[in-house]
Amino acid sequence: MRVLPWMMLCLPICAFAAVHPAPQGVEKLAAYAGTWKTVIHHLDTPYSKAGTESHILKNDCWRSSGFLACNQIVDGDSKALIVFLYDAASGKYSSYPIPAGVTPDVSPGSLVIDGAIWIFPWNITHDGKTTHFRVRNFWSSKDSIEYHQEYSLDGSHWISMAEGHETRIKP
């Protein structure tokens, strides 16, 4: 079982500078928009093969009411449409990555925001065993993110699969 490569490129997210009012709900996720240079170093694990990749990631995003949608374009090819929702009552975010293709497999996901750390967790169950995955984004600025992709067999002890860096490319 291998995690889809585009999942490792999960969209970069950040908070706006303190001089601006903090965006709320899906408006907060508008930081996704733009073009990013990504570099990822994969480790050799049961879910990843060792190696290094570099891509140009463009997030063409738009908002309509309570939805934010981003066409995720990797090296010029549309890879996924990611739709985000926010439930103000619970304060929770949901994501729906829709891979490009005729019969896309859509699985709802979540996004957990804790300050400058934004985590995309998901689980895969195979033969009755659940493996937990997550991408943790650590923002140093609105234009720079360090991220780690990890897996866990128990949900507590995390093993690194990949580490990367994304830098916004200014127009």
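Me: Which residue in β4 is the bridge partner of Leu68?
Reply: Residues are numbered from 1 along each chain as its sequence is written, and side-chain values use heavy atoms, with hydrogens and water left out. β3 and β4 run antiparallel and are joined by eight bridges (two strands pair if DSSP finds at least two bridges between them; strands are DSSP runs of E with at least two residues, helices runs of H or I with at least four, numbered from the N terminus). In β4, Leu68 is partnered by Phe84.

Me: Which residue has a positive phi in the turn between β3 and β4?
Reply: The two strands form a hairpin with two residues between them. The residue in the turn with a positive phi, about 50 degrees, is Asp75.

Me: Which residue of β3 is the bridge partner of Leu57?
Reply: β2 and β3 run antiparallel, joined by eight bridges. They form a hairpin with two residues between them, and Ser65 in this turn has a positive phi of about 55 degrees. The partner of Leu57 in β3 is Val74.

Me: How many of the eight residues of β3 are buried?
Reply: Buried is under 20% relative accessible area, exposed is over 50% and partly exposed lies in between (1.4 Å probe, protein chains only). By that cut-off β3 is mostly covered, its count of buried residues being seven.

Me: Which residue does a disulfide join to Cys61?
Reply: The whole structure has one disulfide (a pair of cysteine sulfur atoms within 2.5 Å). Its S to S distance is 2.1 Å, and the link is right-handed, with 110 degrees about the S-S bond.

Me: How many residues are in the largest nonpolar core?
Reply: A nonpolar core is a set of buried Ala, Val, Leu, Ile, Met, Phe, Trp, Tyr and Cys residues joined through side-chain atoms within 4.5 Å. Leu29, Tyr32, Leu68, Phe84, Leu111, Phe120 and Phe133 touch the most other members, and the number of residues in this core is 27. Elements giving it two or more residues include β1 (34-42), β2 (51-64), β3 (67-74) and β4 (77-87), and among the others is β10.

Me: Which side chain is joined to that of His42 by a polar contact of 2.5 Å?
Reply: His42 is found in strand β1 and counts as buried because its relative accessible area is 10%. A polar contact is a pair of N or O atoms within 3.5 Å; within protein, one must be able to donate a hydrogen and the other to accept it, and residues adjacent in sequence count only if both atoms are side-chain atoms. The side chain that His42 contacts in this way is that of Glu53.

Me: Is Thr45 buried or exposed?
Reply: Thr45 lies in the loop between β1 and β2, and its side chain makes a polar contact of 2.8 Å with that of Ser48. Leaving aside neighbours within four places in sequence, Thr45 is in contact (heavy atoms within 4.5 Å) with Tyr151, Ser160 and Met161. Because its relative accessibility is 13%, Thr45 counts as buried.

Me: Which residue in β10 is the bridge partner of His41?
Reply: β1 and β10 pair in the antiparallel sense over eight bridges. Within β10, the partner of His41 is Glu163.

Me: How many residues apart in sequence are Trp139 and Glu166?
Reply: Trp139 is found in strand β8 (residues 129-141) and counts as buried because its relative accessible area is 11%. C-alpha to C-alpha, Trp139 and Glu166 are 9.7 Å apart in space, and their separation in residues along the sequence is 27.

Me: Over which residues is the pLDDT below 50?
Reply: The chain averages a pLDDT of 86, and 86% of the residues score at least 70. Where pLDDT is low, the predicted coordinates should not be read in detail. The stretch below 50, which has 68 contacts beyond near neighbours in sequence in the model, is residues 1-19.

Terms used: This is a predicted model: local features need pLDDT of at least 70, side-chain atom pairs count only at pLDDT 80 or more; totals for chains, interfaces and linings use all residues. pLDDT is the predictor's confidence in each residue, from 0 to 100.
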